[in-house]
Amino acid sequence: MEYLIQVLNGLQLGLLMFLLAAGLTLTFGIMDLVNLAHGSLYMMGAYFAWTLIGWTDSFVLGALLAIPATFLLGVVVEVVVARRLYARDHLAQVLATFGLILFFNELVRAIWGPDGKSIAVPAFLDHTVEILPGIPYPAYRFALIVVGTAVALLLAWLVARTRLGMLIRAGASNRRMIGALGVNIELLFTLVFGLGAAFAGLAGLMAAPIASVKIGMGDDILIVAFVIIVIGGIGSIKGAFVAALMVGQIDIVGRAFLPDFLKTFLDPASASAAAPAISQVLIYVVMAAVLVWRPTGLFGQRS
Amino acid sequence: MTGKLFGGATVAAMLALGLQPAFAQQAVKIGFVSTFSGPQAAIGEDMRRSVDLAVEHLGGKMGGKPIQIIYEDDQFKPDVGKQRSEKLVEQDKANFIAGYIWSNVLLASLKTVADEGDTIMISANAGPSQIAGELCNKNFFSTSWQNDQTPMAMGEYLNQKGVKNLYLVGPNYAAGKDMLAGLKRTYKGKIVGEDYTKWPDQLDFSAELTKIGAAKPDGIFIFYPGAHGVQFVKQWAQAGLNKTVPLYQVFSIDAITLPQQGDLALGTLGAQEWVNDLPNDQNKRYVEDFKKKYNVYPSYYGAQSYDAIMLIASAVEALKGDLSNKDKVRAEMKKANFKSLRGDFKFGNNNFPVENFYIQETVKDPQGLMTVKTIATAVTAAKDPFADKCPMK
Amino acid sequence: MQTSLIASLRTPRGLVTTALLLVLALLPLLTQALDQRYLLLVGTRIVIWSIAAASLNMILGYGGLVSFGHAAFFGIGGYTVGILSANGINSGWIQWPAAVAIAGVWAALIGALSLRTRGVYFIMITLAFAQLVYYLGSGLEAYGGDDGLNIGRSRFSGLIDLRDKASFYWLCFALLLATLWFSSRLVNSRFGYVLRGAKSNELRMTALGFPIFRYRLAAFAIAGAFGALAGILLANEGAYISPAMMSWVKSGDLIVIVVLGGMGALFGPLYGAIGFFAVEEFLKPLLDLLHKGWGEYWQIVFGPLLVMVALYAQGGIDSLLGRRHG
């Protein structure tokens with residue numbers, strides 16, 4: 001019983017991470033851009049949502065407005081900074097986008113102040129549902145699973161069935177090819193970057209009611225998002241999806257079951273000391289292992 | 001324009017190099033190291049507001065001399081905190097250095113300030129066990145507590161209340177482990193579960209809350225400072241556990257987090273050495289003026305900082321502003337002859353306060369603001385458990 | 001050698017570098033004369049960070065290997081000293097070689113795994129290993145865990161007292177010169193030729209029959225060992241160690257310093273460290289002067305400054321000193 005809920009917890013966490021990782025792997029795969037500032041877009045999405053929900057007095061409306069707002073911010077970032085970085089090496093990209101993180105964090109502090117903000121769970125989701133008799137589960141987390149799955153399906157459709165998706169796939173495997181197809185590459189890149197920003201913003205605002213809206217909220221989980229796209233293979237939406245769900249489950253297993261598991265062959269004191277330490281590094285160990293085994297990730301392009 | 005900019009740069013360089021204008025020579029210089037940027041800046045802001053208010057209440061003077069406060073940002077990093085402290089000692093030649101939210105920043109700066117700099121240091125928050133025990137220092141004073149004390153007080157209260165079993169959750173870092181260990185020092189009931197979560201990047205507590213739901217304990221005890229406290233309380237309530245399992249906390253629900261936790265935190269109990277409704281005149285004045293000036297409640301971070309400034313003022317006043325003899329300054333500091341916001345205040349052998357701890361409940365005030373109120377005294381004149389390891393008398 | 005030294009003195013780079021080294025060599029005397037002891041402490045930090053940046057420059061600047069986990073070697077150096085000293089082994093003659101050796105072995109180990117990957121995968125795998133070391137450090141409760149640990153400084157019986165700020169500074173400065181000397185010998189050797197060649201054209205070097213994997217691995221191990229040297233000095237500077245010294249942000253800072261100074265430039269790490277710390281020390285008071293209270297938002301300026309460096313100053317400070325030869 002408890003096991004089932006924990007699987008759901010892992011699924012929900014994985015889907016949330018997928019929203020963040022999807023945009024990252026898109027910009028990475030098609031523009032070859034290491035964007036450390038992706039976490040800042042996640043943060044901006046949450047702050048936009050906080051302001052807009054305050055104005056509209058409605059969670060749904062505020063959230064629906066925050067997504068295009070983050071898209072627009074993404075477009076601005078692309079035009080002002082990001083597009084100048086595509087032709088540069090990864091080092092310059094890391095440096096520049098690290099600078100953007102500092103800029104956005106302090107900008108938020110200057111605009112919204114240093115204390116965190118809170119977005120309440122919308123009233124219609126503010127209850128628990130019994131998934132099995134006597135086992136309650138927060139309705140909002142269910143909503144997260146539903147939205148996460150819907151976005152994953154939407155993205156799968158977008159990539160597999162549309163012209164934009166065709167260009168994205170082409171770009172991820174061979175960047176020069178899309179130029180040869182006679183596409184306005186600049187516009188395509190701006191669009192993809194904005195799309196990635198919108199997904200990050202969506203992840204940020206969806207996470208806000210369970211987490212808190214605060215400065216640097218995206219930095220904490222950005223590294224995890226990178227781990228996900230690297231395990232999945234850069235540029236692969238499918239890889240990001242599989243890896244995100246994997247990381248979600250690994251994380252939950254490490255926290256929920258590892259202590260008990262260790263107790264079967266360690267004394268309780270060492271088991272409870274070792275478990276959190278191991279679960280903290282588990283995803284890094286998995287990533288290192290995957291890369292040693294497949295140097296370009298699970299679904300990455302062979303070079 | 002360029003000329004002006006260049007002029008600005010020169011003055012900036014002069015300032016940075018410590019070529020202070022002459023008027024500052026006379027002032028009592030107090031360095032204040034805290035976090036003023038990044039995710040934890042809200043705490044630093046609360047402290048700064050309280051320090052500013054203390055200076056205002058003192059009329060801007062101590063022992064007839066003007067007060068000069070130099071704020072330095074530790075950026076929540078121990079090495080930066082140490083550098084800024086170093087600057088205050090070597091360049092600003094500060095008479096006192098106060099502040100320090102974080103144990104690691106304080107530990108990194110201790111040697112530089114108190115030993116090699118022979119400067120008096122006042123922690124307005126951090127209280128690592130080492131400094132209460134074997135690393136205790138004649139130049140170091142605390143206006144807060146030692147880490148273990150607050151959870152120990154909570155443990156005592158839970159014993160009195162007859163809470164039979166508890167589930168403990170805290171972050172997997174030094175202070176988190178200290179806090180949970182502190183509770184276990186005094187709590188006599190059964191510990192049905194104990195989880196340490198990733199720090200600082202865990203935003204989801206669903207796995208732990210699911211385990212708690214299955215274990216059905218009589219209560220949960222948590223330590224989650226700042227934004228993590230917001231997240232835990234929200235998720236605890238969203239999981240429906242607020243209806244079945246009461247939450248007991250230390251440092252997780254306070255004036256800084258409450259605006260975000262809102263109604264979800266109502267009715268939760270916490271332990272603290274200072275509460276905004278403690279019935280003494282200086283506290284009433286502090287809380288009223290703070291609310292008037294900033295429209296929010298002060299937190300214990302602020303109260304401890306206010307006390308730090310008042311403690312310094314008491315020593316400076318007693319010596320009529322003559323700080324040339326450090327032994328005398330230390331002796332005056334140790335007397336703690338000032339009106340603390342928590343009422344009676346005295347130092348133990350290790351220069352940590354010997355003080356009461358109260359149990360506070362989260363409530364809504366008549367204006368609808370979230371706040372806490374005292375409901376019980378958990379322990380009186382409590383000494384920290386490491387004082388015996390300190391060789392000072 | 002002699003003539004090239006004199007010739008190089010005539011270039012702006014030679015002049016600036018010579019003047020800089022002269023000032024640095026005399027810094028303890030200058031700061032004492034001017035009664036600016038704090039500047040000496042800033043100088044010490046700059047010199048130590050220059051050593052770390054120089055070690056990263058060996059693989060990043062010359063080898064093109066973007067290691068995003070170099071601060072881990074800070075930690076390995078610092079923690080070896082700290083753990084030994086906490087257990088009563090205070091002699092620097094034991095502590096220092098042990099720290100360097102452990103870091104070298106660890107670097108060789110993770111290098112062997114990491115160097116199988118390329119590009120961003122390499123960035124991420126080096127980060128992953130650094131995170132492992134970081135969390136190991138925070139898990140060492142006996143040595144302070146996350147809070148860190150106050151330690152005794154290394155002892156070199158009678159030879160030098162590390163508590164004396166001036167002697168400690170001169171030791172750091174001497175070690176910086178040694179590091180730079182070593183790195184210039186390294187890159188100008190056959191070994192360095194292969195390393196630099198592999199950066200610009202890996203296929204060609206492989207085709208020429210060079211086992212570039214082994215060359216890179218050796219460079220990675222050497223860089224790790226020198227990184228630990230900086231960690232040893234950092235631990236002794238503050239008489240304190242903590243996991244924060246190896247957080248990924250510090251790895252990022254090191255990359256910033258190397259790029260800021262000029263990748264693959266011999267003195268680049270020194271220029272970079274000076275630039276980096278100067279910004280930290282001066283930008284804040286400068287902004288405060290323009291408008292009181294602005295200083296706290298210095299990163300709003302610093303962030304875009306980094307973007308500008310990345311976009312328009314790829315050669316870093318070094319390139320401002322004119323074209324490089326060779």
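1. In helix α5 of chain A, the buried residues are A:Tyr140, A:Arg141, A:Leu144, A:Gly148, A:Ala152, A:Leu155 and A:Val159, where buried means that 20 or more other C-beta atoms lie within 10 Å of a residue's own, exposed means 12 or fewer, partly exposed is in between, and C-beta atoms are placed from the backbone. An α-helix has 3.6 residues a turn, so residues three or four places apart point the same way. Helices here (H or I, at least four residues) and strands (E, at least two) are DSSP runs, numbered from the N terminus.

2. Before going further, please note that this is a predicted model, in which local features need pLDDT of at least 70 and side-chain atom pairs count only at pLDDT 80 or more, while totals for chains, interfaces and linings use all residues. Residues are numbered from 1 along each chain as its sequence is written, and chains are lettered from A and ligands numbered from 1 in the order in which they are written.

3. The length of the same helix can be checked: α5 of chain A has 23 residues (139-161) and should span 33 Å at 1.5 Å a residue, and its end C-alpha atoms are 32 Å apart, which agrees. The expected span is 1.5 Å times one less than the number of residues in the helix.

4. The unreviewed UniProt entry places the feature "transmembrane region" at residues 6-26, 33-53, 59-82, 94-112, 139-160, 181-209, 221-248 and 269-293 of chain A; such positions are given in the numbering used here, feature names are shortened, and annotations may be inferred rather than shown by experiment. In the model, residues 6-26 of chain A are 100% helix and 0% strand, with their end C-alpha atoms 30 Å apart. Residues 269-293 of chain A are likewise 100% helix and 0% strand, and there the end C-alpha atoms lie 34 Å apart.

5. Taken as a whole, chain A has 12 helices and 2 strands, and from the N terminus on its elements run α-α-α-α-β-β-α-α-α-α-α-α-α-α. Its radius of gyration is 20 Å, close to the 19 Å that the globule rule gives for 303 residues, so chain A is as compact as a globular protein of that length; the radius is taken over C-alpha atoms, and the rule is 2.2 Å times the number of residues to the power 0.38. The C-alpha atoms of chain A fill a box of roughly 60 × 50 × 40 Å along the principal axes, and buried residues make up 56% of its 303 residues.

6. Where chain A meets chain C, the contact takes 31 residues from chain A and 34 residues from chain C, two residues being in contact if their C-beta atoms, placed from the backbone, lie within 7 Å. On the chain A side, α4 (90-112), α9 (217-232) and α12 (268-293) each supply at least two residues, and α4 of chain A gives the most, with 14 residues. That side divides into 24 nonpolar, 5 polar and 2 charged residues, where Ala, Val, Leu, Ile, Met, Phe, Trp, Tyr, Cys and Pro count as nonpolar, Asp, Glu, Lys and Arg as charged, and the others, Gly among them, as polar.

7. Chain B also touches chain A, with 31 residues of chain B in contact with 35 residues of chain A. The elements of chain B that give two or more residues to this side are α2 (41-57), β8 (190-197), α8 (206-215) and α9 (227-238), and the residues of the side divide into 12 nonpolar, 11 polar and 8 charged.

8. Chain B comes to 13 helices and 14 strands, and its radius of gyration of 21 Å agrees with the value near 21 Å that a compact globule of 393 residues would have. Buried residues make up 61% of the 393 residues in chain B.

9. Chain B is divided into domain 1 (23-145 + 279-347) and domain 2 (149-272 + 357-382), with bounds that come from an automatic or database domain assignment. The centres of the two domains, taken over C-alpha atoms, are separated by 28 Å, and the contact takes 13 residues from domain 1 and 13 residues from domain 2.

10. One residue of chain B deserves a look: B:Asp178 is found in helix α7 (residues 174-186) of chain B and is buried, with 22 other C-beta atoms within 10 Å. Not counting residues up to four places away in sequence, B:Asp178 touches B:Ser129, B:Asn147 and B:Asp148. The C-alpha atoms of B:Asp178 and B:Asp148 are separated by 6.2 Å, although the two are 30 residues apart along the chain.
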